[in-house]
Amino acid sequence: MEFIPYNSRLIYHKSPFGAVSEGTQVTLRIVLPVSFGCTGASLIIESDGGEKTVCPMEWEKPEGTAEEWWKVSFTAGEQGLYWYRFSLENENGESLITKSYGGTGRISPDGGSFQLTVYSEDFETPDWIKG
């Protein structure tokens, strides 16, 4: 069975779930096997225009004796599309957590990014679309 270090559809991994308004605090968490020997983790966010930001993650807690959690919180910027992935460091160098299937992530040397949609803080749903 493949280890899943991140699932964007689980509230404990990504809070709040789904798209967020400008200025919203977003918290992301990854879980790693202790045997991976992670010595540092970072969130890499890129705007649709290509501006890249690297946010160091902090070690949060162990999960039993076999897993450990890392987390980062940030404030969503201007409205638009953002793409993110995670960078991991251990004695073997750098690895990434990239998008796999159905919102899950995998540890790999390369791969796709997760999407974060940020909408205007004054956005109102049109009456015609409300249920």
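This is a predicted model: local features need pLDDT of at least 70, side-chain atom pairs count only at pLDDT 80 or more; totals for chains, interfaces and linings use all residues.
Residues are numbered from 1 along each chain as its sequence is written, and side-chain values use heavy atoms, with hydrogens and water left out.

**Overall layout**

- The protein chain has 11 strands and 0 helices, where strands (E, at least two residues) and helices (H or I, at least four) are DSSP runs numbered from the N terminus.
- Of the 131 residues, 40% count as buried (under 20% relative accessible area; exposed is over 50%, partly exposed is in between, with a 1.4 Å probe and protein chains only).
- Looking at contacts (heavy atoms within 4.5 Å) with a separation of 6 or more, 64% come from residues 24 or more positions apart.

**A cis proline**

- Ser-15 and Pro-16 are joined by a cis peptide bond, with omega at about 0°.
- Most peptide bonds are trans.
- Pro-16 sits in the loop between strand E1 (14-15) and strand E2 (20-21).

**Charges and salt bridges**

- There are 10 positive and 19 negative side chains, and the centres of the two sets lie 5 Å apart; Lys and Arg count as positive, Asp and Glu as negative, while His and the chain ends are not counted.
- Each charge is placed at NZ of Lys, CZ of Arg, CG of Asp or CD of Glu.
- The structure holds 2 salt bridges (a side-chain nitrogen of Lys or Arg within 4 Å of a carboxyl oxygen of Asp or Glu).
- One of them pairs Glu-60 with Arg-29 at 2.9 Å, N to O.
- That pair ties together distant parts of the chain, with Glu-60 in strand E6 (residues 58-63) and Arg-29 in strand E3 (residues 25-33), 31 residues apart.
- Arg-29 is buried at 13% relative accessibility, whereas Glu-60 is partly exposed at 23%.
- Arg-85 and Glu-46 also meet in a salt bridge, again 2.9 Å from N to O.
- Here too the link spans distant parts: Arg-85 is in strand E8 (residues 80-90) and Glu-46 in strand E4 (residues 40-47), 39 residues apart.
- Arg-85 counts as buried at 16%, and Glu-46 is partly exposed at 22%.
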